[in-house]
Amino acid sequence: MPHDLVSARNRNNAKSMRKAMTDAELKLWNAVRAHRLMGLGFRRQYPIGSYITDFACPAHKLIVELDGAQHNDPNAMRYDLARTTFLETSGWTVLRFTNDDVLKDINGVCQHVTITANERPLQ
């Protein structure tokens, strides 16, 4: 699947973010990379419009976001809502998990992701 048209700035930001993954991002990436999760193809730090998503499965238009404690801030919550609204109106399904969800129950997170992907038609 070809890359979406994304500004050079966002593409460079995404590339930098791939080099500085959190423990939770790294754990999830190790579970989903190289089609390890039920054959689903995920990309990490995937730019969509003016946003950079944590993980995206373009074939199913599925996004997985991992939220740390900073997402509990009211300003961050408003930003996340606007971001999710944009992504969903663009046809994507957004799943949000906390870092603790991934670190403590990676199997449960992966199960939820595969169930949701199976509910989404291939694009």
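Which residue takes a positive phi in the hairpin of β2 and β3? Lys 61 does, with a value near 50°. Four residues lie between the two strands of that hairpin.

## The model and its numbering

This is a predicted model: local features need pLDDT of at least 70, side-chain atom pairs count only at pLDDT 80 or more, and totals for chains, interfaces and linings use all residues. Residues are numbered from 1 along each chain as its sequence is written, and side-chain values use heavy atoms, with hydrogens and water left out.

## Overall picture

The protein has five helices and four strands. Helices (H or I, at least four residues) and strands (E, at least two) are DSSP runs, numbered from the N terminus. Their order along the sequence is α-α-β-β-β-α-β-α-α.

The protein has 123 residues, and 43% of them count as buried. Buried means under 20% relative accessible area, exposed over 50%, and partly exposed in between (1.4 Å probe, protein chains only). The exposed surface comes to about 7100 Å². Carbon and sulfur atoms supply 54% of that surface. These areas come from the Shrake-Rupley method with a 1.4 Å probe; for residues, only the protein chains shown count as cover.

Contact means heavy atoms within 4.5 Å. Among contacts with a separation of 6 or more, 62% join residues 24 or more positions apart.

## The sheet

Strands of a sheet pair through backbone hydrogen bonds, either parallel or antiparallel. Here the four strands form an open sheet in the order β1-β2-β3-β4, with mixed pairing. Two strands pair if DSSP finds at least two bridges between them. β1 (43-48) and β4 (93-98) are the edge strands, and each pairs on one side only. Neighbouring strands are turned by 45° against each other on average, direction ignored. Axes are lines fitted to C-alpha atoms, for helices over the stretch in contact, and angles run from 0 to 180 degrees between N-to-C directions.

Now take the pairs in turn. β1 and β2 are antiparallel, with five bridges. Ile 48 has Tyr 51 as its bridge partner in β2. β2 and β3 also run antiparallel, and three bridges join them. Phe 55 is partnered by Val 64 in β3. β3 and β4 run parallel, joined by six bridges. There, Ile 63 has Val 94 as its bridge partner in β4.

## Helices on the sheet

Helix α3 (residues 74-89) packs on the sheet and touches β1, β2 (51-57), β3 and β4. Its direction makes about 55° with that of β2. Helix α5 (residues 106-119) also packs on the sheet, touching β3 and β4. The direction of α5 makes about 175° with that of β4.

What is the setting of β2? Seven of its seven residues are buried, so β2 is largely enclosed by the rest of the structure.

## Aromatic pairs

A search of the whole structure finds four aromatic pairs. Rings of Phe, Tyr and Trp (its six-membered ring) pair if their centres lie within 6.5 Å; planes under 30 degrees apart count as stacked, over 60 as edge-to-face and the rest as tilted. One of the pairs is Tyr 51 with Phe 86. Their ring centres are 5.4 Å apart and their planes stand at 45°, so the pair is tilted. Tyr 51 lies in strand β2 and Phe 86 in helix α3, so the pair ties together parts that are 35 residues apart in sequence.

Tyr 51 is buried, at 13% relative accessibility. Phe 86 is partly exposed, at 33%.

## Asp 67 and its partners

Asp 67 belongs to strand β3 (residues 62-67). Asp 67 is buried, with 13% relative accessibility. Its side chain makes a polar contact of 2.8 Å with that of Arg 96. A polar contact is a pair of N or O atoms within 3.5 Å; within protein, one must be able to donate a hydrogen and the other to accept it, and residues adjacent in sequence count only if both atoms are side-chain atoms. Leaving aside neighbours within four places in sequence, Asp 67 is in contact with Arg 96, Phe 97, Thr 98 and Asn 99.

## Positive phi in the loops

Lys 61 is not a glycine, yet its phi is positive. Lys 61 sits in the loop between β2 and β3, and is buried at 18% relative accessible area. In the hairpin of β1 and β2, Gly 49 takes a positive phi near 60°. Two residues lie between those strands.

Ala 34 also has a positive phi, near 55°. Ala 34 is in the loop between α2 (23-32) and β1. Ala 34 counts as exposed, at 64% relative accessibility.
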